[in-house]
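Subject: Structure for you to look at

Hello,

Here is the structure I promised to pass on. Please open it and keep it beside you while you read my notes.

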Amino acid sequence: MALPFLPGNTFERKVGKDKFHLSHQFDKYNGVAMPTGSQLGVGGVPLPGEDLRPKNSVYPRGEGPDRPAWLAFDKQVLCFDAYFQESITERPEEQYRIRKCRVYFYPEDDTVQVVEQRQNNVAPSDDRFYTYDQFNVGSEVSFYGRVYKLIDCDPFTRNFLTKLGVRVPPGFCAPEDPFLKHRQGAEGTQNPLRPYERIDTLKQFINHDTHVLRFWGVWDDSESLYGDVRNFVVHYFLSDDTMEVREILPPNSGRDAPPTFLSRKKLPKDFEGLRLPGENASRTVLNVFGQLNKQRYILDNLKTGALNENFYTDQDLAIGQLINVFGRKVLLTDCDDFTKNYYRTKYGIQDFTPINYKKGNDYKPLKQSYPYTGFGSEEDSLNSTKKLIADPVKKDFNKFMGFDRQALESYILRFMAKIMTDDPIQSKRRFVISYFLADETISIHEPVTRNSGIGGGKFLERQKIKKPNQPRYPLEISDYFGATDFFVGARVNINGFDFYLYDADEYAFKVMETESYLFPVANQKSIINKLRSILSNNPDAVTQFGQHDPQHKGYFGYETFYYLMKNLVGDRLVDHEIITLARHYAPKTTQEHDIYSLVATAQEHLRKNNYEHLLPLKENLISRDRSGNGRLPADEVRIAIRSVHVPLPDYLINLLMNRMAQSDGSIEYNDVLDALNWRQLPVAKPTPTSEHQGADFASTRHTDDLAMLDQTTHERKKFNVQYSVMLNDLGLSNSYTTSTQGSCENCDECRK
């Protein structure tokens, strides 16, 4: 029983002590401050549980280098091969096991690591650590109750111990493990009694994966009862030399549509009927022992009785080749582009002419048509006969999106027309025929003429118009008027009225010349080629051009050009083609826009949009003027106008900036603000100064002057035509010689 911890019952522990200092914690080793690691108590007395490991690992104090162990032996490891014997008490086949391992000793901190070597079908090794002073080959060490026998070491460990003066015995082998010997014998009995037959198909699969040869073929089965000609698609897969056959079924053929006619497999060349089970096996199975309980079988390596079948390859397929699809003779008639390139590259074949296989008794099923019912459109009536639930009529979406109204582009062609009749009242009527390119519809408007007895206004509602001489209830879709039927000089019969188109507005001419691929009469290149073939047979054509230009200017008026072309080509060129040539070879004059007209136009746009908020624009311009001189570059002013969303079109802004810009490219932005201030500083739109300025087809819509309506737009404008440039484009000599055909009776010069 211990004494109680009370005064008088304890012993004085300081009796006999003569040191009562506090121990220091760090010492200097080769200039490096290191913790002492010992004698931490008062007077140098170790504390309870203190580790008293030596400071140096191998060298005694004063003999080795004066460096700490972790620095002297950094990255140095001693390695030993070892084994230990493990007793087995629960297996009759073995009494013990020999487990090989490797022991690593780290001199830097005197630690040990044991790593057991990995073996097949053995649990993973355990890593165990232990501190020890001495390691050598042949010695035994005990870690956690297990004894390890060191049998060998690596060259570094042997050299390291030898330098320390330790004699290292030669290594020896570990004893044989009876369990591993037993396992090796058992594994030997599991080897197959026949060699595996290895066929390398991986290379072919990698090189030709997704590469398929496609052929089209026919099978003529018309000689059999109820047989006919059947079409197929034959696929040959280059990755594994297999084939697949699919049937092409026409609509209403009366046959079911299976996914494949022949599933993907290797196709034999010779087919002699289906064999019994086991006859088509590639190898023979041999019974070696034949016992009832312990039967063992192997395959015949000699392949006795095996059937050698020849299968189709890519060399056997070609256009015109007959292939045997399990007794069905299929003729290959065509192939796709990939197949052609494959045979052209690999085999050098160049002839891939397809075969058109047809039988004499082929017939097409008659398609019954029904007449138009009169309800709805003809397209709706035709669709109702195709399906039980009729589909809506599909419109030309591309044409609608291309020629629908876009901003100022209306894509409406307007022509001036008159009725060709002997009635004097009807012959004086004038009409405006509008053709809509978006949906090919037509509307007709009659301008109001005072004191004519005819009210005018809408003459025909916008709709599609059928061409004349067509049945009222047709079996097929009727033929409607198209874009190519409308041009200057054309005659169109609309609902019994024979209209003659004698003029068009400026926008119609521009659209037709821009979209010349749709309008041959507005295609300048095709007209020039046509005119070249006509004038090449007339040697005096050039002289007539020279006679109508006595001053040799190289140009004359439009009326002279029109009547001269009519005299030379007659009806082989329509009026629209002559107008296209005149417009193309007219002198290109650029109209200089007046600053007052531009400002008036801009104020008109702002007035229509009721835009009066110029203060944000002024603040934006002032913020951009860093120098404060009231001037900014034209691009800066343009960006400022667009940033505050002034409702002006881009072309008008660009014209204003170009006209208001000074020589250095800068603009007085206060002038821009004054020009846009339509409320306080309005500018009136100037009136045309020229008698022909602004003269257009639109000005004749509401007029009482019948003579004005009879004149065309180009006759009112009175522009010139550079015929000399046209003759150069035609490749004709521009020489002014005396004409041998006399003069023209229709032109102005000859009448003079």
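Start with two strands. β17 and strand β18 (residues 430-436) pair in the antiparallel sense, over 7 bridges. Find isoleucine 412 in this pair: its bridge partner in β18 is phenylalanine 436. Bear in mind throughout that this is a predicted model.

β17 has another partner too. Strand β22 (residues 497-504) runs antiparallel to β17, and 5 bridges join them. Here, methionine 416 has aspartate 503 of β22 as its bridge partner. How enclosed is β17? Of its 8 residues (412-419), 6 are buried, so the strand is largely enclosed by the rest of the structure.

**An open sheet**

Now move to an open sheet of 6 strands. Their order is β12-β11-β10-β9-β16-β15, and the pairing is antiparallel. Which strands form the edges? They are β12 (262-265) and β15 (322-325), and each pairs on one side only. Neighbouring strands in this sheet are turned against each other by 35° on average, direction ignored.

Look inside the sheet next. Strand β10 (residues 229-237) pairs with strand β11 (residues 242-248) over 7 bridges, in the antiparallel sense. Asparagine 231 has isoleucine 248 in β11 as its bridge partner. A helix packs on this sheet as well: α5 (residues 337-346) touches β9 (212-220) and β16 (328-335). The direction of α5 makes about 110° with that of β9.

**The nonpolar cores**

The largest nonpolar core has 61 residues. Which of them touch the most other members? Phe545 and Phe561 do. Helix α12 (residues 558-569) gives the most to this core, with 7 residues. A second, separate core has 28 residues, including Leu652, Leu656, Tyr669 and Val672.

Zoom in on phenylalanine 545. Leaving out residues up to four places away in sequence, it touches Phe556, Phe561, Leu564, Met565, Leu568, Tyr723, Met726 and Leu727.

**A buried helix**

Helix α13 (residues 575-584) has 10 residues, and 9 of them are buried, so the helix is largely enclosed by the rest of the structure.

Lysine 566 is partly exposed, with a relative accessible area of 23%.

Take glutamate 604 and arginine 607. They form a salt bridge, with the closest N and O atoms 2.8 Å apart. Both residues lie in helix α14 (residues 595-608), 3 residues apart, or about one turn of the helix. Glutamate 604 is partly exposed, at 34% relative accessible area. Arginine 607 is also partly exposed, at 34%.

Now take aspartate 635 and arginine 638. They form a salt bridge too, and their closest N and O atoms are 2.8 Å apart. These residues are 3 apart in helix α16 (residues 634-643), so about one helical turn separates them. Are they buried or exposed? Aspartate 635 is exposed, at 51% relative accessibility. Arginine 638 is buried, at 14%.

Why does this spacing work in a helix? An α-helix has 3.6 residues a turn, so residues three or four places apart point the same way.

Salt bridges can also link up. Glu86, Arg99 and Glu116 are joined in a network of them.

**Cysteines**

How many disulfides are there? The count is 0. Cysteine 153 is in none: the nearest cysteine sulfur belongs to cysteine 79 and is 8.1 Å away. A disulfide needs sulfur atoms within 2.5 Å. Cysteine 153 is buried, at 9% relative accessibility. Cysteine 335 is buried as well, with a relative accessible area of 5%.

Best wishes

Terms used. Residues numbered from 1 in each chain as written. Predicted model: local features only at pLDDT ≥ 70, side-chain atom pairs only at ≥ 80, totals over all residues. Heavy atoms only, no water. Buried < 20%, exposed > 50% of the residue type's maximum accessible area, 1.4 Å probe, protein only. Helix = DSSP H or I, 4+ residues; strand = E, 2+ residues; numbered from the N terminus. Core = buried A, V, L, I, M, F, W, Y, C linked by side-chain atoms within 4.5 Å. Contact = heavy atoms within 4.5 Å. Salt bridge = Lys/Arg side-chain N within 4 Å of Asp/Glu carboxyl O. Pairing = 2+ DSSP bridges. Axes fitted to C-alpha atoms, helices over the stretch in contact; angles between N-to-C directions.
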